[in-house]
Amino acid sequence: MFFEDVTVFAGYYFDWNDVDESGEAVRLRRHWENDAPFSEIWQEFKETFDLGTVEALVISDWWSYGDQYEESLYLEPVLGLLTDDASQMTSLRALFIGERERPSLGYMADVTPVLEAFPQLEYLTVRGNFGVALRPVRHDKVRDLRFESGGLPKVVVQGIAGSELPALEHLEVWLGAEEWGAGTTLDDLEPLLAGGRFPALRHLGIRNSEFQDEIAAAVARAPVVARLDSLSLSHGTLSDAGADALLDGQSLTHLSRLDLQHNYLTAEAVRRVREALEPNGVEVDLSSTMGPDQERSVAISE
């Protein structure tokens with residue numbers, strides 16, 4: 001997931017040349033062999049591809065490794081190039097902003113203008129820490145929305161909670177560590193858990209959190225769970241207290257999958273979770289169980 005190139009996104013397969021074999025999906029990035037300003041990379045992209053046929057776009061490293069490093073770290077100019085050409089990109093349905101090895105690299109931006117400029121967008125993944133933001137927005141087509149962060153500002157969760165997204169089926173927020181900018185509280189998550197905001201939602205992931213036990217306890221009584229097909233509370237600091245809360249709460253046996261990977265459960269808690277859910281057909285991911293004696297931390301921060 002992190003720490004390696006995305007090879008599959010929204011059903012497209014990227015080869016070593018950063019292009020799906022169909023030519024309909026492209027990854028744009030700067031690296032040591034191509035350290036031209038991103039504006040030049042964007043211009044080359046426009047000259048090489050028919051923008052009207054591009055269906056998926058991954059924007060990876062956009063900053064310079066040379067003399068202009070500090071000036072090039074900011075994402076706003078990159079998003080400006082993208083939204084300026086939105087009228088030509090009529091087929092774009094999937095966008096990944098910020099694919100890189102470390103989410104703390106580069107300075108993110110308010111991504112609301114992207115949703116406003118691309119009403120046909122169905123998949124949006126945003127990865128990064130500093131400066132990422134979202135304002136409440138109405139979008140009728142987006143069905144897969146993910147914010148992957150080592151320190152997600154609370155304004156993002158608040159923006160999602162205030163948005164109207166009638167087609168949204170898959171939602172993930174990676175909250176991260178407070179020292180890297182995380183600020184979301186249980187109160188901020190409450191609108192997502194209440195179940196009334198997104199009528200089409202079938203997957204919810206609240207991941208990579210330093211208060212994963214408290215989230216698990218809230219999820220255990222959350223109205224939204226009854227209509228989910230899958231749930232992820234992975235990559236955070238989940239301990240036996242959180243696992244017990246899940247098992248003592250509402251039934252989870254209707255789920256097809258429960259993702260609890262990267263956790264701090266005892267062997268006894270792992271056994272209880274498996275025995276409660278797997279005989280009912282729930283696929284439970286308990287990989288990367290560190291055990292209770294390890295110092296607890298989120299999987300992804302800087």
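Let me start with Leu-82, which, leaving aside its neighbours within four places in sequence, is in contact with Trp-42, Leu-57, Ile-59, Met-89, Leu-95, Val-114 and Phe-118, where contact means heavy atoms within 4.5 Å. What we are looking at is a predicted model, so local features need pLDDT of at least 70 and side-chain atom pairs count only at pLDDT 80 or more, whereas totals for chains, interfaces and linings use all residues. Residues are numbered from 1 along each chain as its sequence is written, and side-chain values use heavy atoms, with hydrogens and water left out.

Leu-82 belongs to the largest nonpolar core, which has 79 residues, and it is one of the four that touch the most other members, together with Leu-57, Phe-147 and Ile-160. By a nonpolar core I mean a set of buried Ala, Val, Leu, Ile, Met, Phe, Trp, Tyr and Cys residues joined through side-chain atoms within 4.5 Å, and buried means under 20% relative accessible area, with exposed being over 50% and partly exposed in between, for a 1.4 Å probe and protein chains only. A second, separate core has 10 residues, including Phe-9, Tyr-12, Ala-56 and Val-58.

Now to the sheet. It is open, with 10 strands in the order β3-β4-β5-β6-β7-β8-β9-β10-β11-β12, and the pairing is parallel; strands here are DSSP runs of E of at least two residues, helices are runs of H or I of at least four, both numbered from the N terminus, and two strands pair if DSSP finds at least two bridges between them. At the edges are β3 (25-28) and β12 (283-285), each of which pairs on one side only. From one strand to the next, the twist averages 5°, with axes being lines fitted to C-alpha atoms, for helices over the stretch in contact, and angles running from 0 to 180 degrees between N-to-C directions. Helix α1 (residues 38-48) packs on this sheet, touching β3 and β4 (56-59), and its direction makes about 160° with that of β3. Further along, strands β10 (residues 230-232) and β11 (residues 257-259) are joined by 3 bridges, and Ser-230 has Arg-257 as its bridge partner in β11.

Which helix has 6 of its 8 residues buried? That is α7 (residues 212-219), whose buried residues pack against β8 (170-176), α6 (186-194), β9 (203-209), β10 and α8 (240-248).

Let me finish with the aromatic rings, of which the search of the whole structure finds 6 pairs; rings of Phe, Tyr and Trp (its six-membered ring) pair if their centres lie within 6.5 Å, and planes under 30 degrees apart count as stacked, over 60 as edge-to-face and the rest as tilted. Trp-42 and Phe-45 form a tilted pair, 5.0 Å centre to centre with 55° between the planes, and both lie in helix α1, 3 residues apart, about one turn of the helix. Trp-42 counts as buried because its relative accessibility is 1%, and Phe-45 counts as buried at 2%. Phe-130 and Trp-180 also form a tilted pair, at 6.0 Å centre to centre and 35° between the planes, and this pair links distant parts of the chain, since Phe-130 is in the loop between β6 (123-127) and β7 (144-148) and Trp-180 is in the loop between β8 and α6, 50 residues apart. Phe-130 is partly exposed, with a relative accessible area of 30%, and Trp-180 is partly exposed at 21%. Together with Tyr-74 and Tyr-107, Phe-130 and Trp-180 form one aromatic cluster.
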